[in-house]
Each structure stands twice: as structure tokens, then as C-alpha cells.
Amino acid sequence: MVGSTAKQPGGGSPDGAAPRRRLPRPANPGLWRVLVPVIALLAGLLVATTARTARGTDLRSAGRSNLTDLIRQTETRLAQDDRLVRQLQAEVAAATDRLAESDERIAAIKARAQPLLTPAGLVAMTGPGLSITLDDAPVTELESDPVNANALVVHESDLQAAVNALWAGGAEAVMVMNQRLSTTSAVRCVGNTLLLHGRVYSPPFTISGIGPVAGMRTALNESVSLQQYREDADAYGLVYEVKEREKIEVPAYDAPIGLRYAEVGK
């Protein structure tokens with residue numbers, strides 16, 4: 001027919017173009033109108049919470065994830081707490097002395113405790129003795145002989161052996177680095193660092209003892225536990241020095257003295 005338009009097979013348009021398809025409508029347009037503001041609100045709350053937590057700092061700062069920086073920060077806080085503890089201890093001691101002048105019970109308790117202070121290590125001491133230095137082998141040795149790396153560093157057992165030898169030789173007071181040891185002190189190593197009374201020390205390690213020089217030196221020389229260390233020192237260059245000192249100052253033990261687990265037997 002004139003003026004009519006022929007239908008193309010398959011429902012196509014007469015000019016051969018592909019038929020257009022309509023995009024499907026959302027099943028529930030009203031739901032999206034509600035969800036969009038809610039999502040925007042939640043995103044705003046997340047940003048606000050992050051800003052409040054950061055308080056102007058970078059949450060991904062390298063300093064926060066750096067173990068060395070964390071250790072230094074902890075040591076700084078520990079030093080501050082240590083100074084506070086010393087101050088409070090001095091205040092308690094001064095208050096106790098004042099009360100003892102007017103309270104007979106306090107005076108009697110102080111009199112009974114006085115003879116126990118020195119054996120407990122709660123009194124600073126000065127006298128002749130020995131000073132021992134233990135240190136790792138030089139770095140060149142570590143690089144040239146990695147197979148024997150275990151024999152080139154100071155171990156926890158080496159420190160314990162030196163301390164025990166001083167006690168066995170008649171030491172009256174023993175100090176590791178600048179810390180007075182007591183009967184409850186534990187010498188522990190974490191990697192190649194020493195952990196003592198909550199403080200961390202790196203080599204070289206110094207151990208000092210006040211007492212009979214001859215007896216302590218003999219105990220060190222006869223210590224079976226130190227024999228292997230001395231052999232490694234000769235072979236690989238670890239430091240093992242024993243020096244006699246005319247005057248060694250050992251501070252009073254200032255770490256906690258209470259026992260957390262042990263109880264007096266009945």
C-alpha cells in the first residue's frame with residue numbers, strides 16, 4: 001500500500017537500525033530516596049569519628065608503628081613513673097619517721113625492721129669489689145661467620161652465671177648495670193637486650209659485686225657455667241673483662257618487694 005510502512009522481520013526498524021531497549025525501572029524508587037540520605041549520614045559520622053580519634057594526628061604515622069619509637073616512649077613513661085615512686089617512697093619514709101617519734105608502736109616496728117634492711121638490699125652500699133663486662137663479638141665476626149652466630153652474642157645464661165658466681169664468692173651486694181639485685185630479682189633477656197626490673201638494657205652488660213675480691217674471682221674462674229663463654233670469648237672475640245675496683249657504689253633496691261604468688265608456709 002502506498003503510504004504504508006513495511007514491518008521488518010523480528011520487529012526491527014525500517015531503516016535497519018537495532019531496536020532500542022529501555023532500562024528497567026527500579027523496583028521501588030521510594031526506597032532509594034530513603035537510602036541515599038542514610039548512607040550519606042553514615043559516611044559523615046565515619047569521617048567525624050576518625051577525625052575525633054586522630055585528634056589532629058596521622059593515624060598511619062610511621063612513628064606509631066615503629067617498634068623502636070614505641071620502646072622509647074615506654075621507657076620515658078617508665079622513667080617518669082620511677083621518679084614519682086621514689087618521691088612517694090621518700091615522703092612515706094619521712095612520715096614514718098615523724099610518727100615514730102610520737103607513736104611507740106611505729107617506733108617498735110621500725111626497730112624490728114632495721115636489722116633486715118641491709119640483708120634485703122634496701123640500703124645503699126659502698127666498698128671494694130669486682131666489675132665484670134660482657135659484650136657481643138664485633139660485627140665483622142658476625143658477618144664472616146653466620147653459622148656460629150649463636151656463639152657470638154651474650155646470652156641470658158651467661159649473665160646469670162656471672163651473677164651466681166659473685167654470690168657464690170661471698171658478694172654482699174650485686175648490681176647489674178645500675179640495678180641492685182635482690183633475692184627475687186630475675187635476669188631475663190629478650191633477643192640481645194636485657195630486661196631487668198622493667199627496664200631494658202643493651203650490651204655491653206656490666207655486673208658489679210661488693211665483697212671479698214679473692215673469693216669472687218676464684219668463683220668466677222671455677223664457674224662451669226661460664227666456661228663455654230670464656231672459650232667463645234677467646235675464639236670469637238666476645239668481651240669478658242674482670243676488673244678489681246677499690247670503690248663500688250651499689251644503690252638500694254627500689255623495685256617492688258611484695259610477692260604476688262608465693263606465701264609464707266605455716
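This is a short talk on the fold of one protein chain, from the whole chain down to single residues.

Good morning, everyone. One caution before we start. What you see is a predicted model.

Let's begin with the whole chain. It has 266 residues. They include eight helices and eight strands. How much of the chain is buried? Buried residues make up 24%. The chain exposes about 19100 Å². Carbon and sulfur atoms supply 57% of that surface. Now look at contacts with a separation of 6 or more positions. Of these, 73% join residues 24 or more positions apart.

Next, the sheet. Strands of a sheet pair through backbone hydrogen bonds, and the pairing can be parallel or antiparallel. Which kind do we have here? The pairing is antiparallel. Five strands take part, and the sheet is open. Read across it and the order is E3-E2-E7-E1-E8. Two strands stand at the edges: E3, residues 179-180, and E8, residues 239-250. Each has a single partner strand, so one side of each is left without a neighbour in the sheet.

Helices come next. Helix H6, residues 156-168, packs on the sheet. H6 touches E1, E2 and E7. Its direction makes about 10° with that of E7. Helix H8, residues 227-236, lies across E1 and E8. H8 runs at about 115° to E8.

Let's zoom in on strand E2. E2 covers residues 173-176. Which way do its residues point? Ala 173 and Met 175 point one way, while Val 174 and Val 176 point the other way. All four are buried.

What about the partners of E2? Four bridges join E2 to E7, residues 205-210, and the two strands run antiparallel. Met 175 stands opposite Ser 208 in E7. Val 176 has Ile 207 as its bridge partner in E7. Then there is E3. Two bridges join E2 to E3, and these strands run antiparallel as well. Here Val 176 stands opposite Gln 179. That gives Val 176 a partner in E7 and another in E3.

Stay with E2 and E3 a moment. They form a hairpin with two residues between the strands. Met 177 lies in that loop. Most residues other than glycine have a negative phi, and most peptide bonds are trans. What is the phi of Met 177? It is positive, about 55°, although this residue is not a glycine. The cut-off for buried is under 20%.

The peptide bonds hold an exception too. A cis bond joins Pro 203 and Pro 204. Its omega is about 10°. Where is Pro 204? Find the loop between E6, residues 199-201, and E7.

Last stop: the largest pocket. Its volume is about 540 Å³. There are 20 lining residues, and those closest to the centre are Gln 89, Val 92, Ala 93, Leu 117 and Leu 122. Which elements give two or more residues to the lining? They are helix H3, residues 67-102, and helix H4, residues 104-117. H3 gives the most, with seven residues.

Met 177 has a positive phi. A cis bond joins Pro 203 and Pro 204. Thank you.

Technical notes
Residues are numbered from 1 along each chain as its sequence is written. This is a predicted model: local features need pLDDT of at least 70, side-chain atom pairs count only at pLDDT 80 or more; totals for chains, interfaces and linings use all residues. Side-chain values use heavy atoms; hydrogens and water are left out. Two strands pair if DSSP finds at least two bridges between them. Contact means heavy atoms within 4.5 Å. Axes are lines fitted to C-alpha atoms, for helices over the stretch in contact, and angles run from 0 to 180 degrees between N-to-C directions. Buried means under 20% relative accessible area, exposed over 50%, partly exposed in between (1.4 Å probe, protein chains only). Accessible areas come from the Shrake-Rupley method with a 1.4 Å probe; for residues, only the protein chains shown count as cover. On a 1 Å grid over the protein atoms alone, a cavity is a set of points where a 1.4 Å probe fits but cannot get out, and a pocket is an open set with protein on both sides within 12 Å along at least five of seven lines; lining residues have an atom within 4 Å of a point. Grid points are joined across faces, edges and corners, and a volume is the space filled by probe spheres set on the points.
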